[in-house]
Amino acid sequence: MGKFLEVKDLHVQYKTDESVVYALNGLTLDVEKGETVGLVGETGAGKTTLALSILKLLPEDVGKITKGSIYYNGTDVIAAGKNEMRRLRGEEISMIFQDPMTSLNPVLTVGEQIREVLVLHFPDMTKQEREKRVDEILTLVGIPPERKSQYPHQFSGGMKQRVVIAIALVAQPKLLLADEPTTALDVTIQAQILQLMKDLKQKLNTSMIFITHDLGVVMEFCDSVAVVYGGEVIERGTIEEIYVREKNHPYTEGLFNCIPDLGVDTHRLHPIEGEVLDPTLKPAGCKFADRCRYCRDNCKKSNPDMYHIGGTHFIKCYRYTDGEVQTNE
Amino acid sequence: MKKQITEKNTCKKSSQLKMIVKRFGKNRLSIIGMVIILILVAAIALAPLYCSYDKVIQQSLSQRFLSPSAEHFFGTDQYGRDLFARIVYGGRISLFCGLVTIGIAFVAGMVLGCAAGFFGGMTDTIIMRFCDVLMAIPGLLLAMAIVSALGQGIGNMLIALSISQIPREARTARSCVMTLRNQEYIEAAKTCGTSRFRIIWRHIVPNILGPMIIDVMMGLGSTILRIASLGFLGIGIASPTPEWGTIISENQINIRYYPYLGIIPGLFIMITVLSFNFIGDGLRDALDPKMKN
Amino acid sequence: MNDILLETVNLKKHFPTNAGVVHAVDDVTLQIRRGETLGVVGESGCGKSTLGRTIIRLYEPTEGDVKFEGKSIPGLKGKEFKKLQPNMQMIFQDPYSSLNPRMSVSNIIAEPIKVCNPSMNKAQRMEKVERTMELCGIPPRLFNVYPHEMDGGRRQRVGLARALALDPKFIVCDEPVSALDVSIQAQILNLLMDLQERQQLSYMFITHDLCVVRHISHNIMVMYMGQVVEYASREELFAHQIHPYTRALLSAIPTTDLNRRNQEKLLLKGEVANPINPAPGCRFAPRCPYASEKCREPQRLTEAAPGHFVACHACVT
């Protein structure tokens, strides 16, 4: 039996009038059943593109998968037809979007929006059963079922995100793609929502890809981490392997150094120099080479492979060619 | 170093323009519209070179109702006047009046819309209610009423048509200003004590020009149509001065037997109006930042 | 020497709406010394942005006073205020809407100089623009570039340069880094701190991010629904937070420290309400795990330790 979700060497391009944007450049990612993977990266790293590719929701005419494969539970997603995809979306895989304000339809009540998913995916269900499921899922996400006849604007931001989660989970999907679900929320609300999602994850045993730019959230919530830069996974491992901060990709190391630490007083932060890679360029070597302080000749010439560091820890950097840190000297 | 900067400047500006031109070029209909208008404008502007004004008013009873031929491209009318010459010179008046009308409406609408949108409150209420009243009356009817009150003549017609067009432009300008008013760069301008006039002039006007130009292009077509309508009804440009609507009006009794007298000027009106609308559509795609990928 | 640059006394800003009067800022008293940063922390809707805008008089205060170098601002008339205005500038959160898309970088930075210093000739002005750009780390090749051609970090630098072009003494920073990626955020924070050291600038740094505030501030003020709930120096606040809200806020922040993983969190129930016609008592009480009858009475800011003020009756005994 293969992996639960297997993304292999995925290339995605966006073609616009002016240029071609290389959003994903050979991204490889496996997700086990019941695993929560934190997908970390900055704006334009290709995190959302990956989620959209898995659901085949890339903007038509513009976005195209040019190479690679996606297998979900043995199903070839790229080859799947329209009907097959419609079944997959919602029933097997569902997605939570970043902005709870715009991902709900303002003219339908909350209950109707949840019911809609059930009508689509379980047409045989009776009305009573459906109502029962709606009540159940609302209770599960911490909303009193009486509120199902209210409209989204009567809910606050955090409550709306709970509704969005309820819609995503009502068909009991096996894989949940959460695209920055807490970024638009305040910290105290974020803590509530994360706690809720943690509980739900345990109850429902859903696999999850949790997309975020916040390394802290990942540590609190995920089992393993995939760091994305320039449309590639550059580091992959469990939380412990990465957060122990002994061996890291220079980019991950840079990210850690950028975050002001609550525990320690620092005089100055250590930002990563330069800017995020222009996605219309396609350098031959490592995507991070221009900003990397360990950059050597071969970094600019060819793209390093994923090197095995130990356990499930992989790093895509020449410094770790033999599992050993190579110094510049 | 200074020189380098200026070089960079021109190259940047042109690249922005290039992008707009490129996007405009993707819309085939608007290119066709543009070409038609350019040919028309050239033909009209250069008219004295190939066709003297005498032909427009020169009557010759022996040459009445001639069908289109090599000598008279579009034939002649009931007085034996050359229809081609009349249409070419009539086009001058139609297009010129259209441009002037829309120009007045554009400037006045912009001023009123900016004032209403930026100051809000009472100013907004007064200006916009006034516009609502004007908009409640059909444009043509309003223009007719004004012309009847002021008397016939090109000047009065221009005033009448502008007044009926102003509320539309003011609405567009106001809605654009409303979306800009709370932008942070407007606040930033306020924090350094920029006067309100300067904020409008430097920060608001350049940013609403795009949507305003689109609106004006669309309005130009309908204005030309209105001028023709007024001409046809006999309260616009008075005969014998040629104007497309007036030409149809003069010939209406003969259209049944000599259909080309109505069809040809009608086609000119239609093609011109359509072309301006196509250009407007293309401009919307090219200038609207939301269309950017 | 009196080195207090800016202070507010019982500053209030109320907005009348159809639903009632929104008490966006209620009774805020604060002081900012020359060359220091006051961090203002709170969740969305706590009035922190309104406070910043009221201080630099983008909004007229409803009640109370703002004093800049001892001069009361709300009373100043047109010309006098204009003279003072360049001293107080602001940088904004959204690097996309804070720059005029139709102006080039050099024009954006030159514009405030043109407005406040019309006597300066063009050469002088351009020289000043170039110097300011250099100060903010904007490469000269961006001189004539338009905002949409730059990334978020660059735009934020331009926003900062626009504020600095007038040589202000005080800058209100309204969430200047929260829309930026972490690697860029660190660059901007460092830049702000370098500038402060070099030019003795004072900042009022508004943010929801406690980590950032800890990094950049000298003093920290925690706001909740328009009111100050805790006010202390950075060291003091992070060593002993007293108010239950501050403690919950701190505990809610996800850390990257493996040792503190799965630490028990102080979870707050409910969400921030709208401060429309609020009751006189503690506004945090409905969410507070320690709420009691006494919380219905108005809470005063009381000095719990030297220089450490808290508005909670249960915490100060």
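I looked up burial in chain B: of its 293 residues, 39% count as buried (20 or more other C-beta atoms within 10 Å of a residue's own, C-beta atoms being placed from the backbone). The model is predicted, with local features needing pLDDT of at least 70 and side-chain atom pairs pLDDT 80 or more, while totals for chains, interfaces and linings use all residues. Residues are numbered from 1 along each chain as its sequence is written, and chains are lettered from A in the order in which they are written.

I then listed the elements of chain B and found 12 helices and 0 strands (DSSP runs, H or I of at least four residues for helices, E of at least two for strands, numbered from the N terminus). The C-alpha atoms of chain B fill a box of roughly 75 × 50 × 30 Å along the principal axes. Among contacts in chain B (C-beta atoms, placed from the backbone, within 7 Å) between residues at least 6 apart in sequence, 69% join residues at least 24 apart.

Next I checked where chain C meets chain B: the contact takes 26 residues from chain C and 20 residues from chain B. On the chain C side, H3(C) gives the largest share, 4 residues.

Last I turned to helix H5 of chain A, residues 157–169. Its 13 residues reach 19 Å from first C-alpha to last, close to the expected 18 Å (1.5 Å times one less than the number of residues). I noted that 12 of the 13 residues of H5(A) are buried, so the helix is largely enclosed by the rest of the structure. The cover over these buried residues includes strand E6 (93–96) and helix H6 (187–204) of chain A.

How values were computed
Contact = placed C-beta atoms within 7 Å.
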